[in-house]
Amino acid sequence: MISLLRERLESVWRRIQRELRLRLVWQIGERVSFTGEVGEKYALLAIIGREHYRERRTRYPVTSRADLARIVNLETRGKLGILTRIGPLVDNTRVVQFFELPESFVTNPPRALFWIPESVVAALALEATEVATISREDFCYYVAQSGANQLRGGAIVSPSLFRMAAGVPLEGVDRDLVGVDALSLLERGLWRLRPEDWWSFVGPEARSIVSELWRPVSAVVVASIFLYLLAVSAYLSGALAVREWQLERLGPAVTPLLEAQRQVDALATERAEMKKILDARAPVWPMWEIATQVWLGGGSFTRLSFKEGEVIIDGRAPSAVKVLEGLAARKDVSSARFDSAVRQAGDQQQFVIRLRLDGRSHSGRGS
Amino acid sequence: MDADRKRTLIGLLLALVALRFGVLPWLEMQADVRERLEVLTNRLDRSAGVVMNRNAITQAVSRLELANKADRSSFALLEGHEGSRLAAQQRVTDIAAKQSVVIEGFEWVLDSPADGKGMPFVRGRIFFKGDMRRMAFLLGDLETQMPNMTVREASHTFENPVYGSGEYRASLMLVADFHFRRKGAP
């Protein structure tokens with residue numbers, strides 16, 4: 001049962017993963033999904049191939065990221081097809097990467113929520129001394145972890161020359177990735193993107209959707225809250241009016257009836273209290289019947305007490321045990337016992353007997 | 001940029017003002033109405049209940065009045081603890097006098113709490129002295145003639161060992177609660 005459930009869950013998880021990977025695309029000459037399929041499906045994320053943009057870097061002596069973002073926005077205002085990425089603060093300066101996309105991207109943009117330059121994710125996936133050579137058909141470029149990247153050509157025609165140019169140590173691993181081999185590297189790099197990078201790379205289409213929709217969505221939310229409050233108020237006012245009308249309709253007969261109801265409660269309480277007291281009264285007179293039992297046993301007593309349903313006799317008899325047996329034999333007596341040690345005093349035995357009287361009530365009292 | 005910021009701040013300020021002076025008082029008003037509605041609903045339920053049980057309530061009043069009438073005679077209707085102490089002492093003294101038993105001491109040891117539940121009472125400790133037979137009759141009389149009395153302790157001591165129903169001098173210490181109905185109680 002558990003293994004079957006696990007299989008089902010694994011199957012569902014594989015399906016979700018496949019669907020997600022279908023929506024992650026690599027925009028090179030054609031649009032290749034992370035499953036290796038070619039298609040034009042709307043994607044969550046499009047990695048823009050290095051051949052599609054020009055990259056430049058500018059260093060700004062600005063420490064505040066927010067201020068720098070405003071400056072960059074001013075610089076790129078009115079210019080379409082420019083992605084930017086603000087780097088971390090180093091020596092009180094920040095490096096901003098500008099990725100300038102061709103006119104074709106502006107007129108026919110890739111359908112995806114995020115647009116991410118390929119060189120950024122490739123660099124993030126590399127180790128400090130690694131250099132990757134990524135090539136496809138007649139295009140090839142080199143990239144290092146620092147983000148430095150260079151198209152092959154001119155003086156840079158090998159990874160070692162690129163290392164020297166980019167300031168990467170010469171002894172290190174060179175990775176040669178051809179065609180879709182680069183997908184695994186890019187996928188690893190995606191996981192290393194900072195949250196602020198994700199925000200920088202929100203695609204123009206998604207930005208325009210957000211900028212177009214936030215006003216109507218906000219208006220709908222505010223209107224919904226207002227309508228909800230209005231509906232609640234209307235319901236409460238209506239319900240209140242209905243209750244008042246219902247109470248009025250019951251008429252003046254209710255007040256005396258409520259008074260009578262309270263009287264019933266008071267009378268029932270009074271009855272319960274009186275009954276409790278009368279039922280709890282334990283009769284005391286039967287202790288004189290106990291006294292006669294002592295005399296029948298040939299005994300006498302000097303003290304006869306009653307306390308909380310128990311009778312205590314302090315007396316003398318030729319045989320204290322005989323007296324106790326006589327008392328214990330009575331049907332209305334329970335737990336008859338000596339309360340202290342029996343002492344011999346001449347031909348008499350001195351005793352203290354304690355017993356409990358049962359089944360007596362005032363209704364059964366004698367004259 | 002400054003204009004944008006100003007606009008955002010003004011929007012935020014307006015939203016906060018609307019929340020503070022519009023939405024919050026509205027919600028408080030709704031809470032008040034909800035409470036009133038709850039009170040009215042409870043009152044309506046109770047009213048509907050009594051109207052529906054009109055006959056049963058009327059019958060219950062008569063039945064309980066009748067049932068309580070007999071028991072009420074056992075408990076005197078008095079102003080308070082002071083009155084109850086006086087009434088109990090007079091009654092006990094009368095009964096003791098009839099049996100020619102002397103009251104050697106009469107002390108009040110406890111009053112029921114003023115705000116306590118149940119029927120109020122006063123607790124007394126009484127010391128009697130007299131003939132043993134008279135003492136036995138006294139106890140019987142007290143129990144039969146004072147149904148509002150609950151004996152908590154009764155202790156007889158005799159000057160000489162008692163061998164039968166002859167003439168013996170005896171003392172009795174009686175601790176008892178005397179219950180009463182308080183005037184004006186519901």
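This is a predicted model: local features need pLDDT of at least 70, side-chain atom pairs count only at pLDDT 80 or more; totals for chains, interfaces and linings use all residues.

Modeller: Residues are numbered from 1 along each chain as its sequence is written, and chains are lettered from A and ligands numbered from 1 in the order in which they are written.

Biologist: What makes up chain A in terms of helices and strands?

Modeller: Chain A has eleven helices and 16 strands, taken as DSSP runs (helices H or I, at least four residues; strands E, at least two) numbered from the N terminus. Of its 367 residues, 25% count as buried, a word that requires 20 or more other C-beta atoms within 10 Å of the residue's own, with C-beta atoms placed from the backbone.

Biologist: Why are α10(A) and α11(A) called oblique?

Modeller: Helix α10 (residues 287-296) and helix α11 (residues 320-328) of chain A pack at about 140°, with their axes 9 Å apart. Axes are lines fitted to C-alpha atoms, for helices over the stretch in contact, and angles run from 0 to 180 degrees between N-to-C directions. Angles under 35 degrees count as roughly parallel, over 145 as roughly antiparallel, 65 to 115 as roughly perpendicular and the rest as oblique; α10(A) and α11(A) are therefore oblique to each other.

Biologist: Which residues of α10(A) and α11(A) meet?

Modeller: A:Ile290, A:Gln293, A:Val294 and A:Leu296 of α10(A) meet A:Val323, A:Gly326 and A:Leu327 of α11(A), contact being C-beta atoms, placed from the backbone, within 7 Å. These residues divide into five nonpolar, two polar and no charged. Ala, Val, Leu, Ile, Met, Phe, Trp, Tyr, Cys and Pro count as nonpolar, Asp, Glu, Lys and Arg as charged, and the others, Gly among them, as polar.

Biologist: What makes a group of residues a nonpolar core?

Modeller: The members are buried Ala, Val, Leu, Ile, Met, Phe, Trp, Tyr and Cys residues joined through C-beta atoms within 7 Å. The largest such core has 52 residues, and those with the most contacts inside it include A:Leu327 and B:Leu139. Helix α4 (residues 132-145) of chain B gives the most to this core, with six residues.

Biologist: How many residues of chain A are in contact with chain B?

Modeller: 49 residues of chain A are in contact with 47 residues of chain B. The largest share of the chain A side, 17 residues, comes from α9(A).

Methods. Two residues are in contact if their C-beta atoms, placed from the backbone, lie within 7 Å. A residue is buried if 20 or more other C-beta atoms lie within 10 Å of its own, exposed if 12 or fewer, and partly exposed in between; C-beta atoms are placed from the backbone.
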